[in-house]
Amino acid sequence: MGAAAVRGLAVVALLLACVAHAARPYRGGAVATAYPQASAAALEMLEKGGNATDAAVAAAFVAGVVGPYHSGIGGGGFALVHDGGSGETKVLDFREVAPKAATRDMYVKDGKVVPGLSTDGPLAVAVPGAVAGYLQLLKEHGKLPPSVVLAPAISAARKGIWVTPRYHTMANGRLECLRRDEEASRIFLVKSAEGTLELPPVGHVLKQPDLARTLEGLAKGGARAFYSGRVAKAIAGTVRAGGGVLTVEDLASYKTRPRQPLEGSYRGHRILTMPPPSAGGVAVLQVLGTLEKLRPQGFTFKDPEALHLYVEAVRRAYVDRAKYLGDPDFSDVPTARLVSSGHLADLAGSIDPKKATLSTSLLPQAAGVQGSTLTDKPAVLTPEPERKNTTHISVIDKDGNAVALTTTVNYGFGSCVVAKGTGVLLNDEMDDFAAQPGVPNAYGLVTGEPNAIQPGKVPQSSMSPTLVFSREDPKRVMLAVGSPGGSTIPTTVIQVISHVVDSGMDVARAVNEGRVHHQYLPDELWVDRWGLEPATLTALEARGHKIRRVEQWGDAEAVFVDPKTGLRYSASDPRNEGMALGQD
Ligand code: DON
């Protein structure tokens with residue numbers, strides 16, 4: 001090679017090095033959330049001397065006020081909290097549980113699932129866990145008092161939020177559902193001159209004084225102010241008056257569940273993610289592990305051959321999900337085996353590198369999944385506006401403490417039920433159970449026996465808050481990431497991780513990149529608007545993949561620490577209205 005060619009290569013290498021981590025650098029803490037107000041609240045906590053947990057909890061409370069369609073104190077979620085000092089990572093599961101009076105067949109009539117019963121209205125409501133979770137995180141890992149951490153949310157509820165294009169889309173998707181609840185209509189819709197309930201126009205300001213009062217109660221009285229007394233009575237009263245089954249006893253006995261992080265690795269990076277009842281973390285580790293086995297040299301989403309392997313790895317991970325995943329306190333979930341090197345080798349070995357496996361051919365392995373649910377019809381699960389809910393918060397502070405927190409009310413605006421006089425919009429998390437094992441839910445996900453409804457049980461989730469550690473120091477967080485998107489959450493998280501680790505993308509680019517998704521059933525490869533070039537699609541079709549173009553999904557929120565410089569970079573998905581911030 002001549003000197004000029006070597007110089008040319010050196011220039012290319014330098015340019016590539018500059019591209020990596022080219023997002024805005026911060027010397028202090030950094031945060032990414034789906035709302036400017038939530039990111040600002042998180043930053044305010046960091047500026048006040050709070051740590052990553054104070055910031056994440058403040059952001060979570062604000063998120064519930066400004067994005068009631070995604071999350072809120074009537075919902076629940078998962079968090080990973082890493083202590084930069086001790087190097088330890090804790091996991092808190094504060095997801096909703098089924099009420100005591102819930103029954104296996106509560107959504108089934110004459111042998112069929114009644115549409116809407118598990119998504120809209122009082123019967124869809126599971127026992128909320130968000131308040132217990134957020135406040136426990138604060139107590140165990142935060143430095144600031146609840147009054148300080150809750151202040152931005154209280155202020156946002158009192159001053160009002162303006163109706164953004166996203167709000168408008170989400171409320172439009174749930175208009176009929178919201179109209180059916182008097183209290184929700186009063187808060188989230190407007191009355192026309194003719195007296196009909198309509199969508200508030202973009203720019204309209206919505207105040208939530210009842211919610212402000214409830215949040216003030218939490219700042220003073222802690223979680224007890226939610227799980228007992230006035231608020232608990234209002235929640236149970238509203239739900240039961242509408243035909244639901246949630247009681248004050250369900251609320252009084254709600255408990256969060258500390259769990260062990262699920263551990264794996266990818267190309268020398270240690271990864272900690274959410275264990276069951278999330279099915280997301282298992283899928284993240286399975287797919288990354290399978291890809292590493294199939295492509296030890298590295299991976300790129302630009303190459304059709306590699307993409308084919310990715311789709312096949314995802315397909316198999318979702319078969320395992322349908323077969324095994326559920327609440328580990330209720331059934332035996334073979335988590336360790338599912339992410340073991342031997343099992344990943346089996347998955348990798350079962351992939352034909354040239355041809356797509358028909359999902360139907362994997363069916364007999366999936367116990368409890370009924371053949372009649374297989375269909376060649378277009379999926380029912382195109383992510384429609386009302387399904388694009390849930391929100392993720394990523395924070396890494398100046399001391400290397402990190403939080404990845406995903407929280408949700410499930411469907412857009414949850415069940416559309418607001419507990420009278422409290423401003424608390426209640427979740428419809430019951431839909432994440434298998435209303436009938438083997439029959440797809442609102443995300444088209446087919447889950448099996450382990451996810452059947454039982455009192456006190458946590459419904460299976462896709463939420464995958466994840467921490468990736470630096471290769472140099474396996475106790476130092478390099479990337480905090482997560483996303484909404486129902487069944488697409490794990491594949492969104494996998495792609496951000498691979499883009500950063502394999503392709504050396506800066507975190508903003510990794511979050512922006514077009515996405516591809518498969519979930520075993522329906523047997524379709526989803527490609528988003530920015531996803532793949534026509535030639536790549538043709539090459540995938542030639543391997544037998546049925547392509548489906550879907551406008552967009554997900555909302556990845558990520559913070560990256562450059563292991564070499566220690567500088568932080570944060571990125572909020574441009575698909576939504578969020579903002580990434582940090583301390584100079
Ligand atoms: O826990 C779950 O998997 C769902 N309740 C999350 C819902 C969701 O992300 C929908 N977003 N588009």
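How many salt bridges does the count come to in this structure? The count comes to 34. Keep in mind that you're looking at a predicted model. Its mean pLDDT is 92, and 92% of the residues reach 70 or more.

- Take aspartate 93 and arginine 257, whose side chains meet in a salt bridge at 2.9 Å, N to O. Aspartate 93 sits in strand β4 and arginine 257 in strand β11, so this pair links distant parts of the chain, 164 residues apart.
- Both aspartate 93 and arginine 257 are buried, and they belong to a salt-bridge network together with Arg259 and Asp329.
- Arginine 179 pairs up with glutamate 198, and their closest N and O atoms are 3.0 Å apart. Because arginine 179 is in helix α7 and glutamate 198 is in strand β9, the bridge ties together parts 19 residues apart in sequence.
- Arginine 179 counts as partly exposed at 28% relative accessibility, and glutamate 198 does too, at 30%.
- Lysine 302 and glutamate 513 make another salt bridge, with 3.5 Å between the closest N and O atoms. Lysine 302 is in the loop between α13 and α14, while glutamate 513 is in the loop between α19 and β20, so parts 211 residues apart in sequence get tied together.
- Lysine 302 is exposed, with a relative accessible area of 60%.

- In α16 (residues 341-349), the buried residues are His343, Leu344, Leu347 and Ala348. They fall within an arc of 140 degrees seen down the axis, so they line one face of the helix.
- Turned away from that buried side of α16 are the exposed residues Asp346 and Gly349. The cover over the buried residues of α16 includes α13, α14 and α15.
- In α20 (residues 534-542), Thr536, Leu537 and Leu540 are buried. Their arc around the axis is only 100 degrees, which puts them on the same side of α20.
- The opposite face of α20 carries exposed Pro534, Ala535, Thr538 and Ala542. Among the elements covering the buried residues of α20 are α14, β21 and β22.
- Just after α20, glycine 544 has a positive phi of about 100 degrees.

**A nonpolar patch**

- Trp162, Val202 and Val205 make a nonpolar surface patch of about 290 Å².
- Valine 202 lies in the loop between β9 and β10, and its 47% relative accessibility makes it partly exposed.

Technical notes:
Residues numbered from 1 in each chain as written. Predicted model: local features only at pLDDT ≥ 70, side-chain atom pairs only at ≥ 80, totals over all residues. Heavy atoms only, no water. pLDDT = per-residue confidence, 0-100. Buried < 20%, exposed > 50% of the residue type's maximum accessible area, 1.4 Å probe, protein only. Helix = DSSP H or I, 4+ residues; strand = E, 2+ residues; numbered from the N terminus. Arc of directions from axis to C-beta. Contact = heavy atoms within 4.5 Å. Patch = residues over 30% accessible without salt bridge, like charges linked within 9 Å, V, L, I, M, F, W, Y side chains within 5 Å. Areas by Shrake-Rupley, 256 points an atom, 1.4 Å probe, with all protein chains shown as cover. Salt bridge = Lys/Arg side-chain N within 4 Å of Asp/Glu carboxyl O.
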